[in-house]
Amino acid sequence: MRLFGLMLAACMLAVAAPAFATGTVRIQQRDGSVKTYPSVILKLDGSWSLALTSADKVSTVVLSGGNCTPAGDIVRCSGGRLSFHQDGRNHAVPFKTATFYFNLTDRQQPLSSSATKIAPNSVSFAVTTAKGTSLTGSGKLDQEPAR
Amino acid sequence: MRVSPAILAVAIAIAPSAALARGFAMPNDVSGGAVNGRNGAGAYNRNTGNAAVYNKNTGTATTYNRNANTATQYHSNTTSTYHPSGGGYNGPNSAGAYNRNTGNAAVYNKNTGTATTYNRSTNTATQYHNYSGYSNYRYSGGRYYVTNPRGYSTWGWHGGVVWAPTATYWGGGFWGAFAAGALVGTAIIRASTPSYPTSYAVVQSSPGFTLLNSYGLRQVPCGPNLVVINYSGSVICAAPNGTVAPGNYSVNLSTLTIVSM
C-alpha cells in the first residue's frame with residue numbers, strides 16, 4: 001500500500017510539473033472582463049522568441065521577430081509577430097503594441113524611469129491586440145537560451 | 001483507507017491548474033468577424049471558412065460550410081440544404097443572407113476567403129479576410145498592410161529619391177510610360193471575360209515591375225481569384241503566391257507596399 005502511495009505521488013508530481021511554473025498572464029477582453037492565468041510556462045529561445053503556454057498546455061501565445069535592444073542589464077523587445085496556437089491551429093494575432101522586458105541576470109533589475117523591478121531570469125510584458133484584448137504578465141523564465 | 005498527507009498535499013497543489021478552463025481565452029482575436037443588427041446577426045469564422053447568418057424575424061438561420069460547399073437554411077420546423085445545383089443558393093463560391101427588416105446583409109466568398117457584412121444604419125461595409133497563413137500581413141486601422149519582403153525604407157526602392165507620377169500616362173506611368181490612348185510598343189493583357197478589366201503589360205524598368213518583382217508576383221490577365229493591384233485609375237492583376245493572397249490592393253508608393261482595400 002505504501003509503495004502504491006509513493007508511486008501515485010511520483011506520477012502526480014510528474015504530471016504536475018508545469019504547475020511549478022511561476023508565470024502569470026492576465027487577459028482583459030475588450031468588454032472589460034478579466035481572467036488571470038497562473039502557472040504559465042515561459043520559454044525564451046536564442047532569437048528572443050517568447051512562448052507563453054497555459055498551465056494545461058492547451059494554448060500557447062508566441063511573440064517572435066521583435067526588435068530587441070539592451071537597456072543596461074534589461075533587454076527590451078517590441079513589435080514583431082504575435083501568434084496563438086491551439087488545437088493544432090496557428091492564428092496570427094494583429095496587435096497595436098507589444099513590449100517585453102527580459103532580465104537574464106541573476107539579480108533583480110529596475111526598469112529605467114520606473115518603480116518596476118524585474119526579478120532575476122524573468123520577463124515582464126504588456127500586449128494590446130488590434131481587437132482590444134490586453135495581455136499583461138510576468139514570471140520567471142522556465143527556459144532560457146544557453147549563455 | 002487512509003490517504004497519505006503527502007499525496008493529499010500534491011493533489012491540492014495541482015488542483016488549481018486542473019480546474020482551469022482550456023487554454024487562454026482570446027475569442028476576439030482568433031475567431032473571424034461578426035456583425036449584429038436589430039433583427040439578425042452574421043458571423044464568419046476565418047479559420048474554418050464557414051459563415052452563418054441568423055434572422056430573428058423570419059426565424060431562420062443560414063449557414064455556409066466551406067468543406068461541403070453547401071448552404072443550409074434552418075427554419076423553425078424544417079431544414080433545407082442547398083447545393084450549388086439547387087435553388088435558393090447564392091452560387092458555387094459563396095453564401096449570402098439579407099435581412100429585409102434591418103437592411104443588413106452578409107456574404108461569404110470561398111474563393112477569396114472573405115466575408116463581407118453590410119450595415120444599413122451606419123452605411124458601412126466591413127470585409128473580413130482570411131490571412132491567417134500569410135506572415136507578411138499586418139493589421140492596422142482597419143486595413144491589412146502587406147510588408148514588402150525587400151523591406152524598402154522610404155523611397156528606398158527609388159534610390160532615396162521621390163518618384164512622382166506623370167498625369168498623362170496610364171496609371172501615372174507607374175507600370176511604365178504608356179501614353180494615354182497610344183499603345184504602340186506595349187502589350188495588352190486581355191481579361192479572360194468582359195467583366196474583368198483589361199490592363200497593359202508592365203514594363204521591366206517601371207516602379208510597378210519593381211513592386212511585382214519584390215513580392216514575387218507574376219502578371220496575368222485579370223480574372224477571378226487573383227491579386228488585383230490598383231494604382232491611380234489603373235489595374236494590374238497577378239497570380240497569388242505564398243506572400244500575397246487574392247484580393248484587391250492599393251499601393252503605398254513611398255515604401256512600395258501593397259495595402260488590402
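**The open sheet of chain A**

A: In chain A, 11 strands form an open sheet with antiparallel pairing, in the order β5-β6-β9-β12-β13-β1-β2-β3-β4-β7-β8; strands are DSSP runs of E of at least two residues, helices are runs of H or I of at least four, both numbered from the N terminus, and two strands pair if DSSP finds at least two bridges between them. Because β5 (67-71) and β8 (89-92) of chain A stand at the edges with a single partner strand each, one side of each is left without a neighbour in the sheet. From one strand to the next the twist averages 20 degrees, where axes are lines fitted to C-alpha atoms and angles run from 0 to 180 degrees between N-to-C directions. Within the sheet, β12 (residues 122-129) and β13 (residues 134-140) of chain A run antiparallel and are joined by 7 bridges, with A:Val123 standing opposite A:Gly139 in β13(A).

This is a predicted model, in which local features need pLDDT of at least 70 and side-chain atom pairs count only at pLDDT 80 or more, while totals for chains, interfaces and linings use all residues. Residues are numbered from 1 along each chain as its sequence is written, and chains are lettered from A and ligands numbered from 1 in the order in which they are written.

Chain B holds 3 helices and 19 strands. Its mean pLDDT (the predictor's confidence in each residue, from 0 to 100) is 69, and 46% of its residues reach 70 or more. For the complex, the predictor gives an ipTM of 0.82 and a pTM of 0.42.
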